[in-house]
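Q: I'd like to learn how to read a helix and its packing. Can you walk me through it?

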Amino acid sequence: MTDDQSKLSNLRQEIDKIDEKLIQIIAKRRGISAKIGMYKEENSLSIVQRKREKSALKKRIKQEKKLGIKKRFTKRLFRLIFCDSRKVQKHPRGFDKKPKN
């Protein structure tokens with residue numbers, strides 16, 4: 001393996017570690033979303049909270065500017081995250097952290 005290939009391999013290993021952490025963070029977020037869903041269910045609150053989503057997205061956009069991430073990417077990413085969160089909240093008792101194989 002050449003030096004360049006070794007560097008590339010090391011960089012890819014770093015990416016893999018980050019990806020693993022991202023998945024763990026997403027799983028943790030989904031667990032919290034399920035708890036929020038149960039709270040909303042018990043208190044007859046609406047699953048969709050547009051004002052909250054707007055506020056959270058604004059904060060993430062502010063954060064991304066400091067990190068050099070494109071606004072379009074952040075919006076798309078968090079819309080996907082919010083969509084998943086609403087699905088989890090809609091059926092919080094059906095949420096299962098264990099993967100189904």
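Q: What covers the buried residues of H2?

A: H3 is included in what covers them. Contact here means heavy atoms within 4.5 Å, and helices are DSSP runs (H or I, at least four residues) numbered from the N terminus. A quick note on the source: this is a predicted model, where local features need pLDDT of at least 70, side-chain atom pairs count only at pLDDT 80 or more, and totals for chains, interfaces and linings use all residues. Residues are numbered from 1 along each chain as its sequence is written, and side-chain values use heavy atoms, with hydrogens and water left out.

Q: Which residues of H2 are buried, and why do they line one face?

A: An α-helix has 3.6 residues a turn, so residues three or four places apart point the same way. Seen down the axis of H2, they fall within an arc of 145° (taken from the directions from the axis to the C-beta atoms), so they line one face. On the other side, Lys51, Arg52, Lys58, Lys62, Lys65 and Lys66 are exposed (over 50%).

Q: How do I describe two packed helices?

A: Use the angle between their axes and the distance between the axes. For H2 (residues 50-67) and H3 (residues 71-90), the axes come within 10 Å and cross at roughly 145°. Those axes are lines fitted to C-alpha atoms over the stretch in contact, with angles from 0 to 180 degrees between N-to-C directions.

Q: What comes after H2?

A: Gly68 follows H2, with a positive phi near 75°.

Conventions:
Helices (H or I, at least four residues) and strands (E, at least two) are DSSP runs, numbered from the N terminus. Buried means under 20% relative accessible area, exposed over 50%, partly exposed in between (1.4 Å probe, protein chains only).
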